[in-house]
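I opened a new notebook page for this protein.

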Amino acid sequence: ALNSAGRQQIEEQVKNDLKFMNTFANVSVSVSLISVDKLRIYISLIEPNKKDSTELVYIWDATNAELTQ
């Protein structure tokens, strides 16, 4: 469900899915509700000894069951 509890579960699952990346980057994940039927999934990757980060933002649209970047 796209509610507070569902948002937390999705965030934890994304973190779990990206856990393998911890061997070569610092991974940060944030999931937020942006409307009744949409989530924003924010992922930041920072390689050790680097100042720049790679940022990815995905939108999950539950109405259309699609993920966009």
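I start with a term I will need: two residues are in contact when heavy atoms of theirs lie within 4.5 Å. I also note that this is a predicted model.

**Entry 1: one residue's contacts.** I picked L39 and left aside its neighbours within four places in sequence. Which residues does L39 then touch? I found L2, R7 and I10, then V31, S32, L33 and I34, and finally Y58, I59 and W60.

**Entry 2: the fold.** I counted one helix and four strands in the protein. Reading from the N terminus, I get the order α-β-β-β-β. I looked up the extent of the C-alpha trace along its principal axes: about 40 × 20 × 15 Å.

**Entry 3: the core.** Which residues form the largest nonpolar core? I listed nine: V14, L18, M21, V29, V31, L39, I41, I43 and L45. β2 gives the most, with four residues. My L39 is in this core, and its contact V31 is there too. I recall a general point: in soluble globular proteins, nonpolar side chains tend to be buried together.

**Entry 4: burial and surface.** I see that buried residues make up 20% of the 69 residues. The accessible surface comes to about 4900 Å², and 49% of that belongs to carbon and sulfur atoms.

**Entry 5: contacts along the chain.** I took the contacts between residues at least 6 apart in sequence. Of these, 24% join residues at least 24 apart.

**Entry 6: charges.** I noted 7 positive and 9 negative charges. Their mean positions are 6 Å apart.

Conventions. Residues are numbered from 1 along each chain as its sequence is written. This is a predicted model: local features need pLDDT of at least 70, side-chain atom pairs count only at pLDDT 80 or more; totals for chains, interfaces and linings use all residues. Side-chain values use heavy atoms; hydrogens and water are left out. Helices (H or I, at least four residues) and strands (E, at least two) are DSSP runs, numbered from the N terminus. Buried means under 20% relative accessible area, exposed over 50%, partly exposed in between (1.4 Å probe, protein chains only). Accessible areas come from the Shrake-Rupley method with a 1.4 Å probe; for residues, only the protein chains shown count as cover. Lys and Arg count as positive and Asp and Glu as negative; His and the chain ends are not counted. The place of a charge is taken as NZ of Lys, CZ of Arg, CG of Asp or CD of Glu. A nonpolar core is a set of buried Ala, Val, Leu, Ile, Met, Phe, Trp, Tyr and Cys residues joined through side-chain atoms within 4.5 Å.
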